[in-house]
Amino acid sequence: MSAYDTIVIGGGPGGYVAAIRAAQLGQKIAVVERDKAGGRCLNYACIPAKTVLHTAEVYAEVAADGAELGIKATGVAIDWKAVQARREKVSTTLEGGVTMLWKKNKIDFLAGEASLAGAGKVKVAGSGKPETHEAKAIILATGSVPMPIPGIEFSERVIDTWGAWSLPKLPKALVVAGAGASGSEIASAYARMGVKVTLVEMLGQLLPAEDPDMARVVERQFKADGIELMLETKVEGVKETKTGVTVKAGDKDVKADHLVIAGGRRPDTDALGLDAAGVKTEENGTVIVDDHQRTSAEGVYAIGDLVRGPALAHKASLEGEIAVETAAGAETHPINLNLVPGATFCHPQVASVGLTEAQAREAGHEVKVGKFKLGGAGASVVYDDRAGLVKIVGDAAYGEILGAHIVGNIACDMISELVDVIALEGGYPELARIIHPHPTMSEAVLDAARAVEGSAIHA
Amino acid sequence: MDVVMPRLSDSMEEGTVLKWLKSVGDEVAVGDELVEIETDKANMVYEAPDPGTLVEIVAEEGATLAIGEVIARVGDAGEVPSSNGDGAGAASEDGGAAPGAAEGGGATPPAATTDGASPGRVKASPIARRIARDRGIDLAALAGSGPGGRVIKSDVERAVAAADAGGGTGGGPAVVSATPGPPPAAAPAAASAAPTPGASEKPETAKGTAEVVELSKLQQTVSRRMAESKATAPHFYLQAEIDMTSCVDGRERLKASAKAAPGRVSGPKVREAGGMPEEAAPVVPTYNDMVVKACALALREFPRANGAYRDGRIELYSRVNVGVAVAAQDALVVPTLFDADLKGLRQISAETRALAARVRSGEITPPELSGGTFTVSNLGMYGVSNFHAVINTPQAGILAVGELKQKPAVVDDEVVPRHLMGVTLACDHRILYGADGAQFLARVRALLEEPLGLAL
């Protein structure tokens, strides 16, 4: 039994950052993790996904575009074993990085399953005898787990997103249920590696959370990559065979090696013992917190996928910092959920922040939109990357940027600039006068800002 | 070299160019009288801050501009444009209008010209700046809630809401500053110079013809400040009737002695204090002077009454500066008697008269109108027996003085005629509470009922 200032339960992108931030504030910290440092993001979700996507990207570029770029590529093929080995190596490398950071910050790593054991107490059940530790503050950062579709169970053939990224064999065909960020990434990666992909979405739009203008660009590329997109379609059932599955999607039967469920996620709180600790949750299991991440139980904080807002690693990280700063009595600012950028790494990438055009109109703003096609930027011709669009949704009253949306190969990197401008309360008039290096894709952002006032130079 | 609209008083947000005292092409030396500017408090002559030739007059007479906006340019004689087509010169500052500057009175070029020019740059986001400019909010007066005290959108929006709630600036076109460098021909009607104060039009309404009178800068300020005070400062009132009989007796004796020795009473100090109208006449303090002195002495003893409620905190001042409300033409002006607790009655009297004269002649300057820590307002000369005054925020209180009149009073079980005067102390309850206010008022009363203390 040890006494800490703060115990962080969960070592994912929310928890590991929270722990380091708390250590910076001079606290004695422990992180409880039942699996690996870095949590799901690093070991089972974001990082493995981007690693495989990168292979698909390079492969498709060389295979399809090599001649154009002056590369004679013959016998280009996917070595799936090597892809998986690299995927694992990347995660292991980053996991080691997190462990090293914890050591450097003198953070104790308690391996095991944690539960709340009375005020200021955390029980850790590891390989040995369960131990109870004391802490002035407890940060819940246990993340989320995938939810199956009602009536369909996970199995060897019906897999979740992690299952999709860690397949032992490159499949011939996949059915992906859910065309949100995760589903679109899986569909895109496999389709570009030559797998026959059927993408099924209940709602009427690919990437339903994104601005329709962005989704349209992605949809065009998906079709070019041979993805069969079934919108407004439900996965009604699945029949497993020895070699694969037959998925009933709407009134069609689709045969594939696997059905990937890329639907919703739910907070992973089963082991924590929230009720007994007096931590209140919504009906769907979301832990209720205030704007400083405080739960209804004194000294207990919750962050990331456990609480309101999008289930995104970068959002969890900031909430982790806010939680420990609040607990330590340090200066902090609540998270602005409107400024959490969305990032989808399919090809082409989609990134966004703030309101869509429709949301802005609904909110009654004096909406002014600037759009600029990536093809207008010189760099896009250089990189042979002309599909794509930057869209800025502004409020004409004071030149405020209400939302920004980018679709393009490096959209997720490009969006940062717009998050910054919005967060610092610059407007599109300022952005339109900020110098962007040439030749880069970011020049498209500059022209999109100009376009709000109808003065894009390269349009 | 740009000459910008200067900040000539604490509360000034914008100024109106009344009259150019130099013409384009004139040589100006530092300190030369350059332009007459109307501020929220007074008309001021602004002296040239840089030497050179007046190359260009950007702000026409009558134009109202925010602090920091360019009003003229001083440079080499060679820069003076030829008389042909110089009207366009004013617009050149903005260059090829930035995308953001294309529309809306509040739109500015990205590098807001106001910041660089004014000393002590305010940290504020571009959006906050645009809203502030549009709605006539002084960024320097806001406490920023962003990192490092940066003023952000929500801070300005709160200020706008407060102003709206207080019936204050309201963001009407009257307070929106003109666009930078207004080319007269292109300026839309709303953005042109503020309406001429006092100018009136007479539209027909169901109430007959309505004479619409535009407010002068000073009147705008008075109306805004008064409304803000009533809306934000919780006023409560303490009334008292002060027996001034001893003061009356004392003043009669002073009058008599002044008559006996004409021209001898006013000391040299009095003259220094500022141009008395009748220099030779001896100064006999008025009853109001006595009230001012009594308040000053009591303020010294009750620090809270000599403080201010500001941004959730209380400021207590080391100097006792009593403002004396003076009715000016169509306006109310409160010149300040600095260190009134340290000054003799005679000096208070002389200074007050001098200040009042300068108010009426329009020569009063902003420094003479600021720095007050308490206010005395007297309407007794109009036969008002008692009234409630509006606190000149952020001061803690104001004493309203009514008529001094002989009335029957009971003294030692007998009804006798006494000189009584009704006063009402208005207190801002956020700083001056009931018992404190009452004790302060009791002290003022004691000093006036036994006025020997005033002479000390």
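# A tour of chains A and B

Among contacts in chain A between residues at least 6 apart in sequence, 66% join residues at least 24 apart. Keep in mind throughout that this model is predicted.

**Stop 1: chain A as a whole.** Select chain A and colour by secondary structure. You will find 14 helices and 22 strands. Of the 459 residues in chain A, 50% are buried.

**Stop 2: A:Lys106.** Go to the loop between α4 (80-104) and β3 (108-111) of chain A, where A:Lys106 sits. This residue is not a glycine, yet its phi is positive, about 55°. Is A:Lys106 buried or exposed? A:Lys106 has 9 other C-beta atoms within 10 Å. A count of 12 or fewer means exposed, so A:Lys106 is exposed.

**Stop 3: A:His438 and A:Pro439.** Select this pair and show the backbone. The peptide bond joining A:His438 and A:Pro439 is cis, with omega about 0°. A:Pro439 belongs to the loop between α13 (428-431) and α14 (443-452) of chain A.

**Stop 4: an open sheet in chain B.** Switch to chain B. Select β1, β8, β6 and β3. These four strands form an open sheet in the order β1-β8-β6-β3, with antiparallel pairing. β1 (2-4) and β3 (27-28) of chain B are the edge strands; each has a single partner strand, so one side of each lacks a neighbour in the sheet.

β1(B) and strand β8 (residues 70-75) of chain B run antiparallel and are joined by three bridges. To see one pairing, pick B:Val4: its bridge partner in β8(B) is B:Val70.

Now move to strand β6 (residues 52-57) of chain B and select B:Thr53. B:Thr53 has 19 C-beta neighbours inside 10 Å, and so counts as partly exposed. B:Thr53 and B:Lys22 are 31 residues apart in sequence, and their C-alpha atoms are 9.9 Å apart.

**Stop 5: α7 against α8.** Select residues 287-301 and 345-361 of chain B, which are helices α7 and α8. Two packed helices are described by the angle between their axes and the distance between the axes. Here the axes come within 9 Å and cross at roughly 120°. The crossing of α7(B) past α8(B) is right-handed.

Show side chains at the contact. From α7(B) come B:Asp289, B:Met290, B:Val292 and B:Lys293. They meet B:Leu345, B:Ile348, B:Ser349 and B:Thr352 in α8(B). By type, the residues of this contact are four nonpolar, two polar and two charged.

**Stop 6: B:Asp311.** Find the loop between β14 (307-310) and β15 (313-316) of chain B; B:Asp311 is there. B:Asp311 is not a glycine but has a positive phi of about 50°. It counts as exposed, with 10 C-beta neighbours inside 10 Å.

Stop 7: Select strand β20 (residues 374-378) and strand β21 (residues 397-411) of chain B. They run parallel, joined by four bridges. B:Ser377 has B:Ala400 in β21(B) as its bridge partner. In the loop between β20 and β21 of chain B, pick B:Pro394. The peptide bond from B:Thr393 to B:Pro394 is cis, with omega near 5°.

β21(B) pairs with β22(B) in the antiparallel sense, over 13 bridges. B:Leu399 faces B:Leu425 in β22(B). Finish at the turn: the hairpin of β21(B) and β22(B) has two residues between the strands, and B:Asp412 takes a positive phi near 50°.

How values were computed: Residues are numbered from 1 along each chain as its sequence is written. Chains are lettered from A and ligands numbered from 1 in the order in which they are written. This is a predicted model: local features need pLDDT of at least 70, side-chain atom pairs count only at pLDDT 80 or more; totals for chains, interfaces and linings use all residues. Axes are lines fitted to C-alpha atoms, for helices over the stretch in contact, and angles run from 0 to 180 degrees between N-to-C directions. A crossing is left-handed if the near helix is turned anticlockwise from the far one by less than a right angle, and right-handed if clockwise. Two residues are in contact if their C-beta atoms, placed from the backbone, lie within 7 Å. Ala, Val, Leu, Ile, Met, Phe, Trp, Tyr, Cys and Pro count as nonpolar, Asp, Glu, Lys and Arg as charged, and the others, Gly among them, as polar. Two strands pair if DSSP finds at least two bridges between them. A residue is buried if 20 or more other C-beta atoms lie within 10 Å of its own, exposed if 12 or fewer, and partly exposed in between; C-beta atoms are placed from the backbone.
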